[in-house]
Amino acid sequence: MSIAEGGVAEGAGAQAAAAGEWEREPHPSDSLRTFGAVVQALREHAGLSREELGARVRYSKHTVESVELGRRMPDAEFVERAEEALGNTGALRKAARHLSRGEAGLAVWFRRWARLEREAVSLCTYECRLVPGLLQSEGYARAVFEGTIPLRTDEELQAQLTARMDRQRTMRERPTVPFSFIVEEHVFRRRFGDVAAMRELFDHVLERSAPRNVTLQVLPLDAGLHACLDGPVRLLETVSGQRLGYSEGQKNGRLISDPKEVSALCQRYDTLRSQALGPTESRALLERLRGEL
């Protein structure tokens with residue numbers, strides 16, 4: 001997946017977004033801001049710093065800050081632990097029912113695909129450039145965004161990071177939806193940060209790919225040339241049974257709805273799946289690469 005996690009214009013097969021829309025990023029929703037303000041008010045009333053509250057709810061102070069500023073959608077664990085830590089008034093539980101996820105940090109051209117991704121009954125991803133966004137550790141994602149050209153402000157970077165981490169909730173919240181990933185071996189061999197950051201990445205990928213509904217296959221270096229050399233491929237099936245594809249380039253993305261095009265992409269993906277290592281062998285390879293650090 002690309003640095004920006006791509007995107008598409010509104011609607012299947014729609015044209016590219018109008019000129020001037022590409023750089024606009026949505027703001028956090030009003031409900032997220034309101035919820036965050038309530039958390040902050042209760043925390044300050046309790047005389048706790050963000051770091052102290054983070055210790056009680058077992059989240060980092062940066063996560064607490066992101067929730068309070070409305071930049072991050074709190075998960076159920078955060079809401080429940082914060083409720084208990086801040087007096088059990090019931091305010092946070094009730095407020096959480098009215099939260100709506102904004103789309104801060106998602107590129108304009110990717111928002112349509114991101115919404116389809118959350119509702120898909122199956123999702124397939126082939127990646128040859130970097131670790132897929134749904135499998136990235138926070139440290140890896142941060143390093144990716146910090147390398148973006150043009151440079152982003154700290155606030156923009158945090159919004160992108162939050163959006164990417166929130167997207168991973170889809171996998172945790174939908175345990176019966178099959179997620180398939182095929183990733184080139186060289187992607188995992190590309191170093192970033194220090195040894196600890198690399199180990200965190202491997203641990204995160206292994207954890208995210210462990211559930212029964214997630215399949216991760218590594219395409220080994222010696223696999224040779226293959227049918228997906230045109231670039232990354234993403235495929236999904238909607239609730240209505242429609243299959244859609246998505247391709248991405250520099251600062252743009254394209255939703256593919258034409259049945260013939262999608263069929264060709266599915267055939268390529270199925271062929272690639274037979275050339276990649278099996279899930280067990282793939283996990284063994286990642287564990288070996290981690291051990292070699």
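User: Which residue in the turn of the hairpin formed by E4 and E5 has a positive phi?
Analyst: In this predicted model, 4 bridges join E4 to E5, and the two strands run antiparallel. One of the pairings sets Leu 235 against Gly 245 in E5. The hairpin leaves 5 residues between the strands, and the turn residue with a positive phi, about 90°, is Gly 241.

User: How many residues lie between E5 and E6 in their hairpin, and which residue in the turn has a positive phi?
Analyst: E5 and E6 run antiparallel and are joined by 5 bridges. Gly 249 has its bridge partner in E6, namely Asn 252. The hairpin has 2 residues between the strands, and the turn residue with a positive phi of about 60° is Lys 251.

User: In what order do the strands of the sheet lie?
Analyst: Strands of a sheet pair through backbone hydrogen bonds, and the pairing can be parallel or antiparallel. Here E2 and E3 run parallel, whereas E4 and E5 run antiparallel. The pairing is therefore mixed, and the 6 strands form an open sheet in the order E3-E2-E1-E4-E5-E6.

User: Which are the edge strands of this sheet?
Analyst: The open sheet has the order E3-E2-E1-E4-E5-E6. An edge strand pairs on one side only, and this holds for strand E3 (214–219) and strand E6 (252–256).

User: What angle does helix H12 make with E2?
Analyst: Helix H12 covers residues 259–275 and packs on the sheet. The helix touches E1, E2, E3, E4, E5 and E6. The direction of H12 makes an angle with that of E2 of about 70°.

User: Where along helix H12 do Asp 270 and Arg 273 lie relative to each other?
Analyst: The side chains of Asp 270 and Arg 273 meet in a salt bridge, at 3.6 Å from N to O. Asp 270 is partly exposed at 45% relative accessibility, and Arg 273 is partly exposed at 32%. Both lie in H12, and their spacing is 3 residues, about one turn of the helix.

User: Is Glu 185 buried or exposed?
Analyst: Glu 185 meets Arg 189 in a salt bridge of 2.8 Å, N to O. The two are 4 residues apart in helix H10 (residues 185–189), so they are separated by about one helical turn. Arg 189 has 36% relative accessibility and counts as partly exposed. Glu 185 has 7%, and because the cut-off is under 20%, Glu 185 counts as buried.

User: How many residues apart are Glu 68 and Arg 50?
Analyst: Their side chains meet in a salt bridge of 2.7 Å, N to O. Glu 68 is buried, with a relative accessible area of 4%, whereas Arg 50 is partly exposed at 24%. Glu 68 belongs to helix H3 (residues 61–68) and Arg 50 to helix H2, so the pair links distant parts of the chain, and the separation is 18 residues.

User: Why are the buried residues of helix H2 on the same side?
Analyst: Helix H2 spans residues 50–57, and its buried residues are Leu 53, Gly 54 and Val 57. They lie on the same side of H2 because the arc they cover around the axis is only 105°.

User: Which residues are exposed on the other side of H2?
Analyst: The buried residues of H2 are Leu 53, Gly 54 and Val 57. The exposed residues on the other side are Glu 51 and Ala 55.

User: Which residue follows H2, and what is its phi?
Analyst: H2 takes in residues 50–57. The residue that follows is Arg 58, with a positive phi near 65°.

User: What share of the residues in the protein chain is buried?
Analyst: The protein chain has 13 helices and 6 strands. The accessible surface of the chain comes to about 14300 Å², and carbon and sulfur atoms account for 50% of that surface. Of the 293 residues, the buried share is 48%.

Conventions: Residues numbered from 1 in each chain as written. Predicted model: local features only at pLDDT ≥ 70, side-chain atom pairs only at ≥ 80, totals over all residues. Heavy atoms only, no water. Contact = heavy atoms within 4.5 Å. Axes fitted to C-alpha atoms, helices over the stretch in contact; angles between N-to-C directions. Buried < 20%, exposed > 50% of the residue type's maximum accessible area, 1.4 Å probe, protein only. Areas by Shrake-Rupley, 256 points an atom, 1.4 Å probe, with all protein chains shown as cover. Arc of directions from axis to C-beta. Salt bridge = Lys/Arg side-chain N within 4 Å of Asp/Glu carboxyl O.
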